[in-house]
Amino acid sequence: MLYRIAGQYKTSYAADHALFPVRQDAYLLGFILVMAFVVFPMTASEFAFRALLIPVLIYSLAALGLNILTGYAGQLSLGTGAFMGVGAYACYKIVTIFPELNLVVAIALSGFFSAAVGVAFGLPSLRIKGFYLAIATLAAQFFLVWLFQKWSWLYNHSSSAAIQVPNIDMFGITVAGPTARAITQYYFVLCVVCAVTIFAINITRGRIGRIWKSVRDMDIAAELVGINLMKAKLTAFFVSSYIVGVAGALFVFLWRGAAEANLFEIPLSFRVLFIAIIGGLGSIMGNYLGAILIVALPVVLSTVPAALGVPIASATAEHLNIMIVGALIITFLILEPHGLAQLWATIREKFILWPFPH
Amino acid sequence: MNLLEGIFVKPFQDMFGAPDFLIQVLWEGLVSGTLYALIALGFVLIYKSSRIFNFAQGIMVVFAALTLVGLHERGLPAWVALPLTLVVMLILAVAIERVVLRPLVNQPDIILFMATIGITLFLIGFGEIVFGGENKAMITSQLGIPTGSLEFEPFGGFVSIEQRDLTTVVGAIVLVVALLVFLNRSKMGRAIRALGDDHQAALSVGISLSTIWVLVWFIAGIIALATGIAWGSRAGVSFALEVIAYKALPVLMLGGLESVTGAIVGGLMIGVAEKLFEIYWGQPLLGGNTETWFAYVVALMVLLFRPQGLFGEKIIERV
């Protein structure tokens, strides 16, 4: 009913391959963007920005980066947390060495450092695949976090071994640092996420994206039709690590405000991987759905028992939270192994056919 | 020049200058290598029979040890708590097979892998709620494991070997031999290996998939309990132990995901190599704590030249 496609005729191939083959998709996206740009900022509290909106955006960006590598190019990576760390530390060094630099430029540049590291650790993918590669990316995870701790130049030899985000102004408004307002940070993150998403949609729909998908689906066949596997895999590592690095820089500069090396340890990698998998591998939209679920769940679990009048000690709540997340992951995998994006696709299909069942 | 000397000359001078210390380091490496090998063995068994990369093996170690200690804390004597823990591990194996694996049969590898991470999180939360998150002491003496140490004086030096470490090594050898006999001689063991070779052929001659899966996860649970007792008696039992699971992963890369021999040899090699590197190169040159990544880097180097690992099956690609 809502998704009636009667009367929307396609008269050319270009129209058939358009970004929104069904007009209602565009309306829906427009509605979500209006919500994100206008309604949420007007209604959300400081807590909602810090605990929900900003982390959802940043985690979905990181998951988007991982999804390009794992979902589109088929290379499983468990080192996302460390690559986020590279982005964050690179951005910190750039900002402290060139304090006059615009923050957008600094974050964009820091992505390249992460991308370079990503390509270096992606080199084993030319020789090994599957779980062997996944373990190989764990090498990046452990080595880089160790490096963040031991190489004191990275955190400017500060005694706390942590990076502190200084106050950074852009056009007279403080966007990062202790005095920045949550709403400015939200808009900053939202703009970056939108820009990267547009880039990601286009790159995955285009020639490079099709090359990645063919490598994912069957690498030998891809090689036989003349695809350069090395180039395809390394570009996937490059683009993916770039986005992940940008997400890492945002993670520290516009959300956490300070970071130590252990922030980037393996739980972070797994959280991003969960988002990508629960959202749906090989889908752009899934990352946002997955991030909403994973970020909102702990918040909901910690507030619901209190609202119901059931007192739960905070330690128990935390353990319960871990347990429920674990159970939810298993449940989701059993119910819909292709993730929330696939769930939405099914619902959308039903809407289009409604009121007919088939 | 100084750096080169630090890398190529000084470590070896140190080694031969104090052979007793070198023996001590080698022994320590061998003990932790045994434990890595045991964890890797749990991984290999499950991977061989079901193609599941069981990320939960590390947490099963902690969970088993925690159950043992927790039951003993509730007043049960050790000789009751130990079989009861085995029963818990059996229940866990059955539950995992029923709830998680059976509905996920035939899904892609990565989905099953994620499911085992889900199991990991679930067990962490569950274990902490039931037994508490604080570090507990392993009930070493109640289990009849000797404490104290044997002391030797080779080359006029001094080497001390803890009796519990000796027990660990002997126990691991017994466990591995028993496992190999079981896999190679018993009917059930052959069924496990048949399932590993060819799923469909095994099913068609009447091997029950679900029975074998429960069995394999139970064996992995027994190995986990043995590892948990051994490691817990060294470092105490808490969820911090799960990091040792990450130590077993490079062992798998090095030894190959399908090879029992590879898990054992790889485990011992990595245990010894990382201790040597940490003591003679890591601490003087790199500021220490290199054990977190050294094994991975070694495994990565090996894989660049032998992608199937040292003992893995050679992967032949067909179109």
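This is a predicted model: local features need pLDDT of at least 70, side-chain atom pairs count only at pLDDT 80 or more; totals for chains, interfaces and linings use all residues.

Reader: Is Ile58(A) buried or exposed?

Author: One counts the C-beta atoms around a residue, and 20 or more others within 10 Å make it buried. Ile58(A) has 26 other C-beta atoms within 10 Å, and is therefore buried.

Reader: Which residues is Ile58(A) in contact with, leaving aside its neighbours within four places in sequence?

Author: The partners of Ile58(A) beyond those neighbours are Val189(A), Ala247(A), Leu250(A), Phe251(A) and Trp255(A).

Reader: How should I relate separation along the chain to separation in space?

Author: One sets the two side by side for a pair of residues. Ile58(A) and Ile163(A) are 105 residues apart along the chain, and their C-alpha atoms are separated by 19 Å. Lys231(A) and Leu126(A) are also 105 residues apart along the chain, with 9.7 Å between their C-alpha atoms. For Lys93(A) and Arg348(A), the figures are 255 residues in sequence and 46 Å in space, C-alpha to C-alpha.

Reader: How does one describe a pair of helices?

Author: Two packed helices are described by the angle between their axes and the distance between the axes. Take helix 4 (residues 80-97) and helix 6 (residues 130-150) of chain A, whose axes come within 8 Å and cross at roughly 35°. Their crossing is left-handed.

Reader: Which residues of helix 4 and helix 6 of chain A meet?

Author: From helix 4 of chain A come Gly81(A), Ala82(A), Gly85(A), Val86(A) and Tyr89(A), and they meet Ala140(A), Gln141(A), Leu144(A), Val145(A) and Phe148(A) in helix 6 of chain A. By class, this contact has seven nonpolar, three polar and no charged residues.

Reader: Let us turn to chain B. At what angle do the axes of helix 7 and helix 8 of chain B cross?

Author: Helix 7 (residues 163-185) and helix 8 (residues 187-197) of chain B have axes that come within 5 Å and cross at roughly 80°. Helix 7 of chain B is therefore roughly perpendicular to helix 8 of chain B. Phe182(B), Leu183(B), Asn184(B) and Arg185(B) of helix 7 meet Gly189(B), Ile192(B) and Arg193(B) of helix 8. The classes here are three nonpolar, two polar and two charged residues.

Reader: What is the corresponding angle for helix 11 and helix 13 of chain B?

Author: The axes of helix 11 and helix 13 of chain B cross at roughly 15° and come within 9 Å. Helix 11 of chain B is therefore roughly parallel to helix 13 of chain B, and passes helix 13 in a left-handed crossing. Helix 11 contributes Lys247(B), Pro250(B), Met253(B) and Leu254(B) to the contact, while Ala295(B), Tyr296(B), Val298(B), Ala299(B), Val302(B) and Leu303(B) come from helix 13. Nine of these residues are nonpolar, none is polar and one is charged.

Reader: How many residues of helix 11 of chain B are buried?

Author: In helix 11 of chain B, 12 of its 13 residues are buried. Those buried residues pack against helix 6 of chain A and, within chain B, against helix 3 (19-50), helix 4 (57-73), helix 10 (209-235), helix 12 (260-286) and helix 13. Just after helix 11 of chain B, Gly256(B) takes a positive phi of about 100°.

Reader: How many residues does each chain bring to the contact between the chains?

Author: Chain B brings 40 residues and chain A brings 32 residues. Helix 6 (109-131), helix 11 (243-255) and helix 13 (291-305) of chain B each supply at least two residues of the side that touches chain A. Helix 6 of chain B gives the most, with 16 residues. By class, this side of chain B has 30 nonpolar, seven polar and three charged residues.

Reader: What confidence scores accompany the model?

Author: The model scores ipTM 0.81 and pTM 0.86. Chain B averages a pLDDT of 81, and 92% of the residues score at least 70. Among the elements of chain B, helix 5 (residues 78-101) has the highest mean pLDDT (88) and strand 1 (residues 149-152) the lowest (70).

Definitions and conventions: Residues are numbered from 1 along each chain as its sequence is written. Chains are lettered from A and ligands numbered from 1 in the order in which they are written. pLDDT is the predictor's confidence in each residue, from 0 to 100. Helices (H or I, at least four residues) and strands (E, at least two) are DSSP runs, numbered from the N terminus. Axes are lines fitted to C-alpha atoms, for helices over the stretch in contact, and angles run from 0 to 180 degrees between N-to-C directions. Angles under 35 degrees count as roughly parallel, over 145 as roughly antiparallel, 65 to 115 as roughly perpendicular and the rest as oblique. Two residues are in contact if their C-beta atoms, placed from the backbone, lie within 7 Å. Ala, Val, Leu, Ile, Met, Phe, Trp, Tyr, Cys and Pro count as nonpolar, Asp, Glu, Lys and Arg as charged, and the others, Gly among them, as polar. A crossing is left-handed if the near helix is turned anticlockwise from the far one by less than a right angle, and right-handed if clockwise.
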